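Work through the exercises below with the sequence and the model open. Each task is followed by a solution in steps.

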Amino acid sequence: MNVNDGAIRSKGAQVIVAVPNEWLQLPIMDMLSSRREEFTCVKSLPELYQKVKEYPQCIVIIDIFAFTEYHRDIVERLIQENPCLSLILLVSRDKVAYSQSLDRSDSCYIIPKGEIDKQLLAMMECVHKDQKLMASALNSPTAQVERQLPALIKKEANQMEKENGSIFGRKFGRRSFLKGSAAAAAVAGVAVANPVGTVKKALATGEGNGAGEAQDQIFYGACRGNCLAGCRLKITVRQGKVAKVQMAEVPDKRYNRICAKGLTHVQSVYSAGRLKYPMKRVGERGAGQWEQISWEEAVNAITDQWKKISSESGNSANAFFPGTGNYGTLAGKGFKRLANLMGASTIGPNYDSNLLATLAASIGIGPNYNANDLADMINAKTILFFGVNISEAQVHNWHFAKEAQEKGAKLIAVDPVSTTLAIKSDIHAPIRPGSDPALIMAMINLIIKNGWTDQDFLKKSTVAPFLVKENKTYLRLSDLGKLPEGQPDAIVVRGQDGKVGLPTEITDPVIKGTFTINGIKVTTAYDLLVERVADWTPERAAEVCDLSVDMITDITRIYATETPSTLYTGFGPDHYANGDQAYLGMMTLGMLTGNMGKKGASVGLPANLGFNINAAAISTVPGAVPGPSIPSMKFTDVMETKQLKGQPLEIRSIYHIAGNPLSNHVGRPEYLKAYEKLDLIVVADWRITDTAQYADIILPAAHWFEQEDICNVQQNTYTAFQEKAVEPYFESKSDWNMLRLLAEGMGYGEQFAFTESDMLKMACEGPAPAAFGVSYDKLKSETVMQGTFPLDREYIYGEDGIYGTATGRAQFYIENPQPDFPHDGFDQDKACLPYFEPPIEAWPETVGGYEKNSLAEKYSLIYTSERNKLKTHTMFGHNPWLLELYPEPIVKVNPQDAEKRGIAEGDYVKIYNDRGFVVLKVVFNNGVRPGMVVVPKGWEKDQFKDGHYSDLGSTKTVNNYRLNNNYFDILCEMEKA
């Protein structure tokens, strides 16, 4: 493993990991990184044999039965190549019987694979002690003797082999080897008396591994990327540099966690790709030609251009384009303060809008977004996963589901791909891509027909009893002529006795029936739902979804009857244009069965929204008038038409902050065409990303550890204070301090005359922080505080029967739905209730009466991507440690699809359509459905052999009802490159 000089202290022995299985390799890497070990991974035995010759002192961790060679021969060859190595052999439970044989081979360290997490770190301590003893015993004052030692040791070993019958005999154990090595060294004239005492003396004088420990400083912070884990971190600083990163504990021990990405921050802080100074473009955009400039030059160039553009085209011609690369309170809100003062436009990234907008409309938003505490999963008897793979994309959450399963809960995974989660689940439903809403329609129908509904919950907590008029709006007091002056026009319901009144007055309302009330024909919202799903039989859904009738029936019955049930969804369905249909249906499943508002019963998205911090204090300035908000999916249209919703709007400059849209948005060619029209592009980032390549000025951003901030938006229950651990790298600055300089240049210095600490103090003041007992001084002192809800119980969303919607109830019927973007042809009646229509593009076959997309004649494969445990979008994409495990972009394909196209595993292929192409290495995976390809996300232009995967999608493939980056709604084809 390559490390930065001084960043990590070597323990003296190089660790070589020979573990072909990536998923076994990953936890080993995590643990070695936590010990600051220098290690390298090898994939083959020839590579391993070569490595052990290169390092005089080395420790080999090997999955000994993972190779085809005989295990005893492997051990013998390794010791022949390097008699001084130490071996840690990993064996599976069914190979434990071989332990005696392996131990006879002088391998004194054997760990069952299932015990790695418990034994490896302790074993490393023993191994390092042996390595130190050997190093002392073999130490020679002359290079000549050093060269003689290996030969002398081998000679002694050969003599012992003659005496004992084999060098691998029991009599030639580790201690015998050390004793013999000392004897060999003595023959060569090397003084080695009491080697242990020599090591202790060296440590006492401040040499070796003990050096500098007293100067270590500990700081605390949190990972703030868009994996939403928010893992609390313990940061060790040595001689002014970050030396290592470890897990830091939190008040709720169930949320103690860290992943491989969090352990690699040292590599990011001191990356060779870190920007040191402001840079100005000197060549063509995208050519990668830059010159260093001063901060004064950079600020003047930007603000002079902003002023010029504002005077010529209006304040809104300057725009800010934020991303999700820094979930710090100050970093995430600071830019908005300047944008508001300038009256600049804001380009809002349309990430995950299908999920977020639909959940907000149907079940509302609370402190934990709209789901129970993650830890509450262990109370569920059934967990239904829709389009999510938490064992890979949300590793911090996986243990909750696994604990529930160990307690007897059934896990059901609905996913086109056989993911790790699908394999670990009790049932995997390998659904046709993009057909999730059809499955849900049939599930709703089955629940209703079989009487698996929770009538009491429907009456009291949902819109089921609300009466819908023929114009699709609810019956209200005004319709009855009973609206008191000055009172809200409340919704009314009908009782079993025919009485009509407020829900508070009618304790047992009807949820079925069509009536005429005061001359107005009305039908209950529940009956409208029954009518909507009536045609969706299991047989019809089976044809559309490519699932068996029995499977559809079984997963519905289990979810509805083996309760409490939790429905855990992710962003898989979100990435098709019909994703909003899927999510409204999912929420309806929870409403019908009453699997909401109680322990073990949850739907929605669990995410702490940080209600205990007053972030608005940072972003708002009294009297400032914000400029227009532009959906990112309409940005390229605005650049082309110079209009937004029929109003003139010309964008001439963009300031990018904490984002990389040229990698993380669809439609990269459309963005590049739009960028050609801009007068100024500024990117603030810590390295030159795909987006920064097209900037006119790049500003070097500080790492998270180089600034003070608060992390309180994530999937856990606490708020973490980010202490400033080290000074910013070279001339880099925090986003806030960059904005301060720019604000001064624009004449708004008075509104930015605050330090990071000053702004965070403002955010810790007000009713919300006070309600949670938060103050700046307390948070800074304790560095972590309980945030969303009390520590002594799990948070249950909707426990009081109240939901944060327009009606205060859970809504499967949406009254007067409005599109994110006005457009002709919006079918409001259809959008009121769950329904199914195929994706816009990703429908390559005619099935269930739905015609295949016309593009399917040319492009028969559906393009999808996956989130894996080594990536968070492009944030960790160039981290050298992680690249050792995942060195290049790949595409996972079913062997059937490859065979049809004459493609072999390991070939490079061109994935293409009319919009663009990308060249990737093929990996066969039988868990991928035929007819689709899966490309792990997190790569940038310089890492592809050619092309870019963001060229394949388009901003035009969009459902205007829910503007969204539809990453999977793409057809493509594949050929050998």
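**Exercise 1.** State how many disulfides the structure holds, and classify Cys41 and Cys832 as buried or exposed.

*Solution.* The model is a predicted one. Step 1: a disulfide requires a pair of cysteine sulfur atoms within 2.5 Å; the structure holds zero disulfides. Step 2: buried means under 20% relative accessible area. Step 3: Cys41 has a relative accessibility of 16%, so Cys41 counts as buried. Step 4: Cys832 has a relative accessible area of 2% and is therefore buried.

**Exercise 2.** Locate Thr872, classify it as buried or exposed, and list the residues that Thr872 touches beyond four places away in sequence.

*Solution.* Step 1: Thr872 sits in the loop that lies between strand E31 (861-866) and helix H32 (880-885). Step 2: the relative accessible area of Thr872 is 4%, so Thr872 is buried. Step 3: leaving out residues up to four places away in sequence, Thr872 touches Gly225, Asn226, Cys227 and Lys261.

**Exercise 3.** Describe the open sheet that contains E13, E14, E15 and E21, then find the helix that packs on the sheet.

*Solution.* Step 1: the sheet has four strands, ordered E15-E14-E13-E21, with parallel pairing. Step 2: strand E15 (427-429) and strand E21 (565-569) are the edge strands, each pairing on one side only. Step 3: from one strand to the next, the twist averages 15°. Step 4: E15 is joined to strand E14 (residues 410-414) by three bridges, and Val414 stands opposite Ala429 in E15. Step 5: helix H16 (residues 436-449) packs on the sheet and touches strand E13 (382-386) and E14. The direction of H16 makes about 145° with that of E13.

Technical notes:
Residues numbered from 1 in each chain as written. Predicted model: local features only at pLDDT ≥ 70, side-chain atom pairs only at ≥ 80, totals over all residues. Heavy atoms only, no water. Helix = DSSP H or I, 4+ residues; strand = E, 2+ residues; numbered from the N terminus. Buried < 20%, exposed > 50% of the residue type's maximum accessible area, 1.4 Å probe, protein only. Contact = heavy atoms within 4.5 Å. Pairing = 2+ DSSP bridges. Axes fitted to C-alpha atoms, helices over the stretch in contact; angles between N-to-C directions.
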